[in-house]
Amino acid sequence: MNTLSKVKEWLSVQKHLYFLFGLLFIIPNCVLFITDPMPVTIGIASITIPLAIGLGVLLLLRKPGIIVWVLLPKVILDGGQLVLLHLFGESVIAVDMFLNLTSSNVSEASELLGNIFLVIIRVFLLYTLPTLCLAAYSVKVKDHLPDVFRKKWGKISLLLFIVGALSGSLSFLQGHVFSVKKDIYPMNALYNLYFAFDKANRNKNYHLTSADFTFNASKPVQVDNNREIYVLVVGETARAMEWSLYGYERETSPRMDKLPGLVYFKDAITQSNNTHKSVPIILSAASAEDYDILYQKKSIITAFKEAGFHTVAIVNQKLTGSLISTFYREADTYIDMSVFHAGSYLTSSHDDAILPYLQKEVDDAESNLFIVLHTYGSHFNYSERYPKEFAFYTPDKSDRIRVTCKSKLRNAYDNSILFTDYVLSEIVRILEKSGACSSMLYLSDHGEDIFDDARARYLHASPIPTYYQLHIPYLLWFSDSYQRGYPGKYRQALEHKALPVSTNSVFHTMLDLAGIETKEADPSLALTNEAFIVRSRMYLDDHDDPIPFWKVGLKKLDFEMMNKWNISYDDE
Ligand SMILES: [Zn+2]
């Protein structure tokens with residue numbers, strides 16, 4: 001008898017198939033056990049409870065293959081989970097991943113999907129397809145699970161379940177609160193799916209839940225009868241370490257390096273590595289510490305509007321359907337430049353296309369102005385983010401995200417920073433020329449991985465961030481006229497420039513810069529206010545709860561980089 005026949009004969013026995021299915025069902029649990037750090041007690045529970053349930057459920061019919069087919073959604077979910085583990089090397093499927101897949105703005109999901117096709121095929125061929133074929137075979141063969149066997153394994157399953165539950169409940173000894181919806185796969189993945197639907201719903205109802213909100217904002221002081229212009233530039237995917245301003249060896253920010261009136265914050269990190277969570281924090285009083293107020297309150301645009309400013313949002317990125325674009329619609333003038341580009345979510349104008357619109361708004365308005373410019377900065381595909389003249393580092397053409405293309409990707413990325421530096425200097429030029437009392441705040445929504453170390457990580461928005469996704473450039477520029485009008489603000493900014501700050505300070509700093517008073521303003525978060533205080537920096541986790549950023553699962557390599565770039569964190 002040859003090997004194939006022997007295998008076929010072995011598989012014709014339902015008992016063998018039963019054990020095989022039991023093991024196949026917990027493959028994701030076993031991988032997560034290895035990849036995700038957890039207390040031993042939780043580790044034991046995370047394997048034995050799903051194994052017990054799987055073995056128990058497979059006994060319900062005398063042909064376990066039928067049960068496997070009934071549980072097809074689980075088999076598909078397991079495949080998705082294995083794809084994710086293959087890509088990131090850790091973590092259960094996150095809320096953000098479901099949201100990216102279900103929202104109309106799929107840019108971050110689609111850019112990823114373009115690269116994971118091979119991984120999906122691999123997982124399908126090695127896991128999903130064999131499982132389903134074996135299930136079909138189990139349905140076909142004549143053999144049945146004997147009743148004595150079902151009874152015996154029913155008892156063993158129950159015993160296993162009790163062992164798992166006991167182990168989980170003992171996790172308090174290791175300082176952990178056991179939670180089935182957070183600790184046990186696939187319950188945690190399903191809970192994340194529920195959370196994603198609930199969040200999508202809250203986003204959809206924002207206009208209802210925030211309808212009655214008002215800032216009661218006012219601006220009591222106006223300098224020298226001169227009009228005031230404040231510009232908030234929301235950057236995209238720029239990481240601080242890639243700017244010469246921050247100490248990068250390539251001269252990628254020559255204009256900002258020499259700009260008079262510029263204050264840059266060296267130790268600035270983001271509260272989220274995902275555009276759709278980070279930018280709402282930038283544009284509102286919400287923060288990782290208190291994210292849910294996002295749905296009750298309006299954005300910074302309305303605060304300025306209430307204080308008598310003419311408000312403008314000029315946006316060079318496809319944000320349709322997101323809460324961010326809802327915020328921008330609060331502005332008196334909303335220019336959505338993404339409508340000039342059909343097709344892929346990754347196409348956009350170069351960011352300098354914003355400048356003529358900015359010039360026009362500055363020229364046309366006679367009142368105080370508040371302008372948000374949302375750029376596309378350094379978003380993948382990097383080489384499409386700048387015109388030819390800015391291709392200073394070459395070769396820079398690489399359409400593929402491959403570790404072998406790292407130097408090309410890095411060249412293109414650096415060129416995109418060089419171009420951002422140019423765009424910022426042009427914004428400053430327009431403001432200076434206007435003669436208004438003006439100021440600009442620029443920061444990036446998050447950073448990026450570009451195959452920086454042995455982990456070979458790329459892009460951003462991964463379930464657990466890296467140093468590279470956290471450390472962002474954060475700049476404040478003050479015109480001469482502003483420095484004369486509000487000398488105290490400029491001095492305070494200089495005094496605070498070496499302190500640890502994060503994206504939750506933007507809303508309060510912008511209001512403080514402009515002298516806007518409202519009960520929503522917190523001077524202790526304003527970088528230009530003497531009341532500013534340093535606090536432990538939080539990161540917004542997958543369930544929108546705050547977690548100290550150094551506890552999000554950063555690795556040794558990240559801490560090495562944080563030490564190198566003097567990012568402060570608590571050492572406990
Ligand atoms: Zn982003």
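In this predicted model, 23 residues of domain 1 are in contact (heavy atoms within 4.5 Å) with 28 residues of domain 2. The two domains span 3–202 and 231–564, with bounds taken from an automatic or database domain assignment. Their C-alpha centres lie 40 Å apart. Between them they bury about 2300 Å², 49% of it on carbon and sulfur atoms; buried area is the accessible area (1.4 Å probe) that two parts lose on being put together, summed over both.

Four salt bridges are found across this interface, each a side-chain nitrogen of Lys or Arg within 4 Å of a carboxyl oxygen of Asp or Glu. On the domain 1 side, α6 (72–88), α7 (95–102), α8 (107–140) and α11 (187–204) each supply at least two residues that touch domain 2. Helices here are DSSP runs (H or I, at least four residues), numbered from the N terminus.

The interior comes next. In soluble globular proteins, nonpolar side chains tend to be buried together. A nonpolar core is a set of buried Ala, Val, Leu, Ile, Met, Phe, Trp, Tyr and Cys residues joined through side-chain atoms within 4.5 Å, where buried means under 20% relative accessible area (1.4 Å probe, protein chains only). The largest core has 111 residues, and Tyr230, Leu232, Tyr328 and Ile427 have the most contacts inside it. Helix α18 (residues 406–434) gives the largest share, 12 residues. Another core, of 46 residues, lies apart from it and includes Tyr127 and Phe195.

Residues are numbered from 1 along each chain as its sequence is written. Local features need pLDDT of at least 70, side-chain atom pairs count only at pLDDT 80 or more, and totals for chains, interfaces and linings use all residues, while side-chain values use heavy atoms, without hydrogens and water.

Key:
Buried < 20%, exposed > 50% of the residue type's maximum accessible area, 1.4 Å probe, protein only.
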